Amino acid sequence: MAARRDFTRESLADGVRAGDRRALARAITLVENSDPLAYEVVRDLYPETGRAYAVGVTGPPGVGKSSLINALVRHVRGQDRSVGVISVDPSSPFTQGALLGDRIRLADHFLDPEVFIRSMGTRGHLGGLAEATLQALLVLDAAGKELVFLETVGTGQGEVEVIGIADTVVLVLMPGSGDSIQALKAGIMEIPDVIAINKMDHPAAKTMLNEVRSVLSLDKGRAWKPPIVINAAVRGEHVPELWEQVEAHRAFLESDGLLEEQRRKNLAGEVFAVASARAKVHLEHAVADDPELRRLLDEVQSRKLDPLTAVREIMEKVFKVGD
Ligand SMILES: Nc1nc2c(ncn2[C@@H]2O[C@H](COP(=O)(O)OP(=O)(O)OP(=O)(O)O)[C@@H](O)[C@H]2O)c(=O)[nH]1
Ligand SMILES: [Mg+2]
């Protein structure tokens, strides 16, 4: 990373504050690379954050998340709001800036100085996806972006780490996303705040709508009933309606201080998620590096030592905790 030399901690933080694109790009690359400078900059900027509204957009591969975000960005740019977009690809290593697909689909906005778009890979990140996403969101927040979209692919648990920090979560489905319906039904996937059924030009869109409705009807006890919007992202159809529902959810949260409460909970959850991810990596390394700890595992395998005794010894040695 020879290129980082041209920014100092101060100049990078100032550049981010000023919304300078080069500073933003650099800061997020540093976040992506777990660079200590990113940690310092975010630490400096943190007191100024909390102004951006984060919209998580999740769903199975290829349902049209990027296309919908592209259309939503166009819509909110019409209202003159400044926007950041972070696409997190859990399976990808470092992306060096952008994934080709996202680059094409979000290309409409590349010349707009009020829109900052970035794809991030995070494989091998010490604090997992949660850490990279949270830090990148804070950078965009400090840069004065009013709205930040967080895109992540997923149908189950993994993406919770990424969108756990979002204020409003939009689940995108398309006709044929049966697995997601099952995951919602089984409670594996959390009920989102808004559901978008995309590719409404597909003949099975109505069937999908009915399936989603029937799953939601099982869950009666919530104060916010997740609205369902049917979209055609590429043609930009029903995109204003989708945005209206995001705004409606925001208004709901902003009444009665729910937003503050949810953010407190989300931030605590993020700290916990990042700490847990780091603890896990630490544990794995410690066991891998210590012949004595590895021997414990062997002894469990050969039935000389019971599993919980091995756990206790490992916990004591690695974390200095007994039970
Ligand atoms: N027919 C139709 N195709 C669409 C629609 N929206 C998106 N697509 C197409 O679906 C494909 C996937 O769209 P993306 O926006 O990349 O989907 P994604 O969910 O971001 O995909 P990943 O990030 O790879 O998981 C592209 O070829 C889009 O052109 C739609 O409303 N109708
Ligand atoms: Mg995408």
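Here are some questions and answers about the predicted model shown above.

Reader: Happy to start with the ground rules: which residues do the local features and side-chain atom pairs use?
Author: This is a predicted model, in which local features need pLDDT of at least 70, side-chain atom pairs count only at pLDDT 80 or more, and totals for chains, interfaces and linings use all residues. Residues are numbered from 1 along each chain as its sequence is written, chains are lettered from A and ligands numbered from 1 in the order in which they are written, and side-chain values use heavy atoms, with hydrogens and water left out.

Reader: Thanks! How many helices and strands does the chain have?
Author: Both kinds of element are DSSP runs numbered from the N terminus, helices being H or I with at least four residues and strands being E with at least two. On that basis the chain has 13 helices and 7 strands.

Reader: What percentage of the residues in the chain is buried?
Author: Buried means under 20% relative accessible area, exposed means over 50%, and partly exposed lies in between, using a 1.4 Å probe and protein chains only. For the 323 residues in the chain, the buried part comes to 49%.

Reader: Among contacts between residues at least 6 apart in sequence, what percentage joins residues at least 24 apart?
Author: A contact here means heavy atoms within 4.5 Å. Of the contacts in the chain between residues at least 6 apart, those joining residues at least 24 apart make up 77%.

Reader: Now the metal, please: which residues coordinate the magnesium ion (ligand 2)?
Author: Donors are N, O and S atoms within 2.8 Å of the metal (3.2 Å for Na, K and Ca), and water is not among the atoms, so sites may look incomplete. With that caveat, the magnesium ion is coordinated at 2.1 Å by Ser66 (OG) and Glu151 (OE).

Reader: How many residues apart in sequence are the parts that Ser66 and Glu151 tie together?
Author: Ser66 is buried at 6% relative accessibility, and Glu151 is buried at 8%. Because Ser66 lies in helix α4 (residues 65–77) and Glu151 in strand β4 (residues 147–153), the pair ties together parts whose separation in sequence is 85 residues.

Reader: Which element gives the most to the lining of the second largest pocket?
Author: On a 1 Å grid over the protein atoms alone, a cavity is a set of points where a 1.4 Å probe fits but cannot get out, while a pocket is an open set with protein on both sides within 12 Å along at least five of seven lines; lining residues have an atom within 4 Å of a point. Grid points are joined across faces, edges and corners, and a volume is the space filled by probe spheres set on the points; for the second largest pocket it is about 470 Å³. Of the 20 lining residues, the closest to its centre are Tyr39, Val42, Glu131, Gln135 and Arg278. With 5 residues, the element that gives the most is α3.

Reader: Where does Asp256 lie, and what is its phi?
Author: Most residues other than glycine have a negative phi, and most peptide bonds are trans. Asp256 is exposed, with a relative accessible area of 72%. Asp256 is in the loop between α10 (239–254) and α11, and its positive phi is near 60°.

Reader: And what is the phi of Asp80?
Author: Asp80 sits in the loop between α4 and β2. Asp80 is exposed, with a relative accessible area of 60%. Although Asp80 is not a glycine, it has a positive phi of about 65°.
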